[in-house]
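Subject: Structure handover

Hello,

Here is the structure I said I would pass on. My notes on it follow below.

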Amino acid sequence: MNIALLTAGGVGSRMNMSIPKQFVHVNDKPLIIYTLEKFERHPDIDAIVVTCLKGWENILRAYVKQFQIKKLITIVESGDTGQDSIRNGLLEIEKRFSDDDNVIIHDGNRAMVSSEIISDCIVKTELRGCGIASIPTVEVVLYTENETSSKKVIRVNI
């Protein structure tokens, strides 16, 4: 089996919003649902486990029902860090699934993951025992002027 472990435990502090970014709506749909749909539609993903920010589990369950996500097996409380959230998810997966199953870990806020990347991770894991997806990035530096500084450097990875 291939189990997707999606992390959705961040508070989105850099976003300066009143809700965590995984629940921000983009075109009338929460960001986390776009990610869940990618794994839901992938033919080789058998189950999904999500680590979720405490207090937001019922909201996530409501969205899962609304958008008909059928492969979600459980929602686990996230940890204080991304690493802690992954650990919590893996401990839950260990209780429910076989040691021979594959776990694909993905950040729930990264909705642009392609079916090809998911497939490639599964294939590489089957061949080598593990796999990590990465894509080349281009770094862009933007300069802006504001009231407190004549130049402000903003680093953007695209």
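Contact here means heavy atoms within 4.5 Å. The model is predicted.

By that rule, Glu57 touches Cys52, Ile75 and Glu77, leaving aside residues up to four places away in sequence. Glu57 belongs to helix H2, which covers residues 57–66. Glu57 is buried but has no salt bridge. Arg61 is the nearest side chain of opposite charge, at 5.7 Å, and a salt bridge would need a side-chain nitrogen within 4 Å of a carboxyl oxygen.

Next, the aromatic rings. A pair of aromatic rings is described by the distance of the centres and the angle of the planes. The count comes to three aromatic pairs. One of them joins Phe23 and Trp56, which are stacked, with 4.8 Å from centre to centre and 20° between the planes. Phe23 sits in the loop between E1 and H1, and Trp56 in the loop between strand E2 (47–52) and H2, so the pair ties together parts that are 33 residues apart in sequence. Ring pairs also link Phe23 and Trp56 with Tyr63 and Phe67 in a cluster. Phe23 has a relative accessibility of 2% and therefore counts as buried, the limit being under 20%.

Helix H1 (31–41) is mostly covered, with eight of its eleven residues buried. These are Leu31, Ile32, Ile33, Thr35, Leu36, Glu37, Phe39 and Glu40. The cover over the buried residues of H1 includes E1, E2, H2, E4 and H4.

That leaves helix H4, residues 115–128. Does its length agree with what its residue count predicts, or disagree? At 1.5 Å a residue, its 14 residues should span 20 Å, and the end C-alpha atoms are 20 Å apart, which agrees.

Which residues of H4 are buried? They are Ile118, Cys121, Ile122 and Thr125. Seen down the axis of H4, these buried residues fall within an arc of 95°, so they line one face of the helix. The cover over them includes strand E1 (2–8), helix H1 and strand E4 (102–107). On the face of H4 turned away from the buried side are the exposed residues Glu116, Leu127 and Arg128. After H4 comes Gly129, with a positive phi near 100°.

Regards

Technical notes:
Residues numbered from 1 in each chain as written. Predicted model: local features only at pLDDT ≥ 70, side-chain atom pairs only at ≥ 80, totals over all residues. Heavy atoms only, no water. Helix = DSSP H or I, 4+ residues; strand = E, 2+ residues; numbered from the N terminus. Expected span 1.5 Å × (residues − 1). Buried < 20%, exposed > 50% of the residue type's maximum accessible area, 1.4 Å probe, protein only. Arc of directions from axis to C-beta. Lys, Arg positive; Asp, Glu negative; His and termini not counted. Phe/Tyr/Trp six-rings, centres within 6.5 Å; stacked < 30°, edge-to-face > 60°.
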